[in-house]
Amino acid sequence: MTTSAMPGRPAKQSRFRRKALPYLLSLPALLMCIGILIPFITAVYYSLLRYRLNLPAMKGFIWFQNYLNFFTDPKFWNTLKISLVYAGLTVVLELVLGLAIALLLQKRTRLNNFLSILLLLPLMTAPALAALMWKLMTNPNFGILSYLVSLLGFPDMKWGSDPATALFTVTLVDVWVYTPFMMILLLAGLRSLPPAPFEAAALDGVPRSFVFFRITLPMLMPYILTATLFRLLDSIQQFDIIYAMTQGGPGDKLLVFQVQAYLDFFQATNVGRSAALMIILWAITYALSNVFIKQWLKLREKAHGAA
Amino acid sequence: MDHTSTLEKVIRGVLITLVVIFFMFPIVWIFLMSFQTNESILRIPPSVVFTPTFDNYIALVTGEMRTAAGSLQLDFMRNLWNSVLLSSVSVVIALILGVPAAYAFARFKFRLGEDIAFTLLSFRFAPPLLVLLPLSLYFKTLGLTNTYVGLIWVYQLICLPLILWIVRGYFEDLSPDIEHAHRIAGYSWFQTFRKIAIPLALPGIAAAGLLAFIFAWNNFVFALVLASADKQPVTVGALAFVTASGIQYGQIAAAIIFSIVPTFVLAMFAQRYLVEGLSLGAVKG
């Protein structure tokens, strides 16, 4: 006979039901996402094909040829270089600025709390819309920023449409959107540091630069690492800001991984190359996310107690 | 520690002012722009003195734009509605699926449990186009291209990991003792979950939902690849609007304000939980 769970008698619940419960609770969420694993496998498969949507007759299995082609393809090296430069530049700037702002707002005063919330607004703005906002402000005809830099002696700054300033312009938008992320995480970190070492240092009259480099920074390091890796993971995949601002142009100036793959797919209809590019990006993010998750788990344990 | 000199106070004040100007200026400027006519926007030098007009907003709401060349139909309200629909339905589904799963991961140690939890987390970090591009071909075959169902499904990739990992943290912070007591009193597992665990974790669940809503609302690339004009949310719609309307800068500004205000308002409600949400539960504010 099967033992069905009687209401009011949970202790008699069958062992099967007790064991199955967590699976029953978590599987719907997993199943919802499992549909995503299929396109992932498809992407791996596509990356091994010669597959152009406009030349269906040429479709064929070519093993790793798409990847091997990258070695001699200056376009690929350009993509890799731009992506790394973009990620490195934005994350370093955001870290330095975010840390500086967090230090400015460290004291728990009403004004500082209010400002730290106010400064989150850029982060709550959709990155694509943020790019549009900056596009309006850098319009050569009426943009306020174009006007302001013309007063400073740069009358013909073309911002996103000039190869010389395109990277600077999208970096500016990225910094505007994501510095608050660094700021708010590091601020939370700073405020959670135990006060004792700082009080002792103040009593002993230790110079402030020493306190910063020898006490604050090392104690803050877990937060810095987690926030930096988090941003690095997102920044190397940046699409919204660059696509909305310049579509990867001018020329090949801003063809980062995802923008290049998007254009390969929809404009050149070269599915094989596009898939291979995405697999390489995925490998990079996978390696990064493994490092990230270790850091993130450490902090998470601290936040939720080791209990 | 409090022997800061006047000079230092002044320097701090100046720096904070500069920071606030840099981060607030674009929002304020676009806000002002949305109340200006094109003539006043194009004036050089730019000026903050102008007679405000609601024409840009009226044009967006009524869907009709009067220009010198005649009237032009706009459908930005449709984009706004799409954003509301896609984000809210996605969040509701993610909550229905994610909260029980979060509870399972928090309360039970089970085989493969952590593997499943981390698999779901890994979706947050994979490049979206990796799956979106093949998915766009599948969606064509399945008839899911440009449907709300298809979009809401892929939006789970944004909402589910977020809700799962934030809510899990909240459940872990609750002591299981109350639940045990309730179970011993003879209530079923489900009754305990519904009457004890969920109400206690409710603030966290609500905050996770608000955050997931903001992230879904701000998403751009999913709908760019998988939807056409009539199903696109504001992020993609605003970009298309720029191309279509060309030089109606005031209306572009108004459309941007329309699109960012909802997330700003929600962020204010969720502000206490923002730090925890943004770090996926790793840092508490």
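Colleague: What is the predictor's confidence in chain A?

Modeller: The mean pLDDT (confidence in each residue, from 0 to 100) of chain A is 88, with 95% of its residues at 70 or more. Residues 1-11 of chain A are below 50, and that stretch has 12 contacts in the model beyond near neighbours in sequence. Contact here takes C-beta atoms, placed from the backbone, within 7 Å. Where pLDDT is low, the predicted coordinates should not be read in detail.

Colleague: Why is chain A called more spread out than a compact globule?

Modeller: Its radius of gyration is 25 Å, while the globule rule gives 19 Å for 307 residues, so chain A ends up well over the rule. The radius is taken over C-alpha atoms, and the rule is 2.2 Å times the number of residues to the power 0.38. The C-alpha box along the principal axes is roughly 75 × 75 × 35 Å.

Colleague: And what makes chain B more spread out than a compact globule?

Modeller: For 285 residues the rule gives 19 Å and chain B has 24 Å, well over it, so the label applies there too. Its C-alpha trace spans about 75 × 70 × 35 Å along the principal axes. As for secondary structure, chain B has 13 helices and 2 strands. Those are DSSP runs numbered from the N terminus: helices are H or I with at least four residues, strands E with at least two.

Colleague: How do you know that helix 6 of chain A is mostly covered?

Modeller: Count the buried residues: 11 of the 11 in helix 6 (residues 127-137) qualify. Buried means 20 or more other C-beta atoms within 10 Å of a residue's own, exposed means 12 or fewer, and partly exposed is in between, with C-beta atoms placed from the backbone. Among the buried residues of that helix are A:Leu129, A:Leu132, A:Trp134 and A:Lys135. Over the whole of chain A, 41% of the 307 residues are buried.

Colleague: Why is A:Trp159 called buried?

Modeller: Because it has 23 other C-beta atoms within 10 Å. A:Trp159 also has a positive phi, near 50°, despite not being a glycine, and it lies in the loop between helix 7 (144-151) and helix 8 (166-192) of chain A.

Colleague: Then what makes A:Thr269 partly exposed?

Modeller: A:Thr269 has 13 C-beta neighbours inside 10 Å, so it counts as partly exposed. Its phi is positive as well, about 45°, and its place is the loop between helix 12 and helix 13 (271-303) of chain A.

Colleague: What makes the bond between A:Gly249 and A:Pro250 stand out?

Modeller: It's a cis peptide bond, with omega about -5°. A:Pro250 is in the loop between helix 11 (240-246) and helix 12 (257-266) of chain A.

Colleague: Which residues touch the most other members of the largest nonpolar core?

Modeller: The core has 173 residues, and those touching the most other members include A:Leu132, B:Leu162 and B:Ile256. Helix 7 (residues 148-173) of chain B gives the most to this core, 17 residues. A nonpolar core is a set of buried Ala, Val, Leu, Ile, Met, Phe, Trp, Tyr and Cys residues joined through C-beta atoms within 7 Å. Leaving out residues up to four places away in sequence, B:Ile256 touches A:Leu129, A:Leu132, A:Met133, B:Ile30 and B:Ala238.

Colleague: How many residues does the contact take from chain A and from chain B, and of which class is the side of chain A?

Modeller: The contact takes 74 residues from chain A and 81 from chain B. Helix 1 (residues 15-46) of chain A supplies the largest share of chain A's side, 17 residues. That side divides into 58 nonpolar, 14 polar and 2 charged residues. Nonpolar covers Ala, Val, Leu, Ile, Met, Phe, Trp, Tyr, Cys and Pro; charged covers Asp, Glu, Lys and Arg; the others, Gly among them, are polar.

Note on methods: Residues numbered from 1 in each chain as written. Chains lettered and ligands numbered in written order. Predicted model: local features only at pLDDT ≥ 70, side-chain atom pairs only at ≥ 80, totals over all residues. Contact = placed C-beta atoms within 7 Å.
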